[in-house]
Amino acid sequence: MKKQVEQWVSSALERLVAEAVLNSGARGPVVVERARAGHGDFATNAALVNSKAAGMKPRELAERLVEALPASELVERVEVAGPGFINFHLSAAAWRSVVPEILEKSHHYGRSDIGRGKKVQVEFVSANPTGPLHVGHGRGAAYGAAVADLLEAVGFEVHREYYVNDAGRQMDILATSVWLRYLELAGETLDFPSNGYQGDYVWDIAATLHREHGDDYRHAADEVFQGVPPNEPAGGDKEQHIDALIGRAKTLLEDNRYRYVFELALNTILDDIRDDLEKFGVVYDQWFSERTLVESGAVNRAIERLRKGGWLYEKDGALWFRSSEFGDEKDRVIERENGQTTYFASDIAYHMDKLERGFDRVIDVWGADHHGYVPRVKAALKALGDDPDKLDVLLVQFAILWRGGEKVPMSTRSGEFVTLRQLRKEVGRDAARFFYVMRKCEQHLDFDLDLAKSQSSDNPVYYIQYAHARVCSVLRQAAEKGISVDPTPGDTNLDRLAEGHELALLKTLSRYPEVVEAAALNEEPHQLTHYLRELANEFHTYYNAHPFLVEDDALRDARVKLILAVRQVVRNGLGLLGLSAPEQM
RNA sequence: CCGCCCCUAGCUCAGCUGGAUAGAGCGCAGCCCUCCGGAGGCUGAGGUCAGAGGUUCGAAUCCUCUGGGGCGGGCCA
């Protein structure tokens, strides 16, 4: 509907240009938008932004534009208002046409091809595989998945990816933690490092190792801790302590056995994460391993490209990247004194690889605590000669859980965090997916667990899903009463839709494609959650005001078609957010 | 100290990228409805858009400064 109005406006503008009233070179941005109450259905600022180019007052130009508009029976009247807005009042027939459109397009209603098949990669979650996902990752998961689905809905070719940090020191700490727990299970007594991974899942992996391999990996605790500097509580440095332990693990287990423990830990956790996300309705096209970047030589290739560009230098025995030349605060190390490349080096290679794969656009969904990282990655892309504007980083703020009016304490360090799995179990997948995307990403999220669980109209998830179930319920009721319902999308009888509630619903239904488009292009799923709540509200209001299964065949047919359209749109919207549309609740 | 983000009704938040009289839910006050699912509906009160300047026909929206809050600032990931 909006597109239709936009066409009328632009054709009127063309006409004035042809008549030399307007200078074609100096046209400002013309916007057509949904008008607010009292200003018709759509409004455009076309006359305001072009008045200078036309050399006449805005209202005067507006009158000329109105005269130049093509005639249509969908328009009731057009008026000039305020400083020079043009307001369109559409006929009821125009709005009614949305019902057959929805019923015909069915689950395609709201989809479009404005993305023109451009390739977009969305990388999200990408949590280190050193433990189960927690509720912080959950928001990134729900947000990234929704953005990806929305972009796909408007015609982009979307590639969903999880970057697996399987090459860093954290993984060594994990493997060593598992081994130490295994030693304890095997009967050794030792002081577990304060910097090691404390969670129960580490015990679980250790138990698997012990169950399947008995004492094969056992070494005496004294031997393990031989020459290891003291831990922090004992007056030492915890980092040096854990690094020394990693060294001992590698020495004592030797390559292949260490590798085995490492892989066991990695794969167990990765499988768990994959399973967790799948049950959350989040599925990836690719799990991209950091290690393959190193092995394929991509990291070295990235470094070489930077070196050729003259963006590298050596200082204090390390290799530095001149990121400050490209807007970063300071230069960054990409290869350490000990010859190891940094995490940042991998990330440069990874983003280089993304663009080499031909994506027109790359979206990273990161936790907001990584925001300082954005300038250096963009700097690297610039230095490599790539276009940094192809990369869009969405920084997702933390979610704070509330239960019983109090913050749920979460300290990631001690392993005392709420896992995504626990959250799912407590509030269910649908509520979790919805609540996570209710706010735009840069907004802190207050996640009210009690509200998410409550089965009341205060809970937006239930309110919306109930609208869907209620339509289904009406249809069941009709079937019980032996009332036949015509499911064909024709427009017969629709002229019986004349109530104010019905007109309001029609207008809201017609807005859905615009909402999906805006939510997708702005990467803001919350626009869709707000819309769905509004639609549900209008439906419930309508339900309370008017009976649908009336005696009058034609009227009943029209109303049933309308609520079928509502059901379809609710279902489509929930689907894009990864929620189910239950037939009864 | 520096950088990024946030500040809109009592609370939680929208505000369609510069438009007309700033909106919704909860809460509060009052009222209606017992009908296809009461897991309702209607009305009302409630605002210096954190503050001050600036940009222009026009600012919650863009720019600068100030205040408050969050998060960062490793040869960690």
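At what angle do the axes of helix α19 and α20 cross?

Reply: This is a predicted model, in which local features need pLDDT of at least 70 and side-chain atom pairs count only at pLDDT 80 or more, while totals for chains, interfaces and linings use all residues. Residues are numbered from 1 along each chain as its sequence is written, and side-chain values use heavy atoms, with hydrogens and water left out.

The axes of helix α19 (residues 500–521) and α20 cross at roughly 170 degrees and come within 10 Å. Here helices are DSSP runs of H or I with at least four residues, strands are runs of E with at least two, and both are numbered from the N terminus. Axes are lines fitted to C-alpha atoms, for helices over the stretch in contact, and angles run from 0 to 180 degrees between N-to-C directions. α19 and α20 are therefore roughly antiparallel to each other, a term for angles over 145 degrees. The crossing in which α19 passes α20 is left-handed, meaning that the near helix is turned anticlockwise from the far one by less than a right angle.

In this contact (heavy atoms within 4.5 Å), α19 contributes residues including H501, L505, Y512 and A519, and α20 contributes residues including Q527, Y531, F539 and A545. The residues of the contact divide into 13 nonpolar, four polar and four charged. In this division Ala, Val, Leu, Ile, Met, Phe, Trp, Tyr, Cys and Pro count as nonpolar, Asp, Glu, Lys and Arg as charged, and the others, Gly among them, as polar.

Conventions: Chains lettered and ligands numbered in written order. Parallel < 35°, antiparallel > 145°, perpendicular 65-115°, else oblique.
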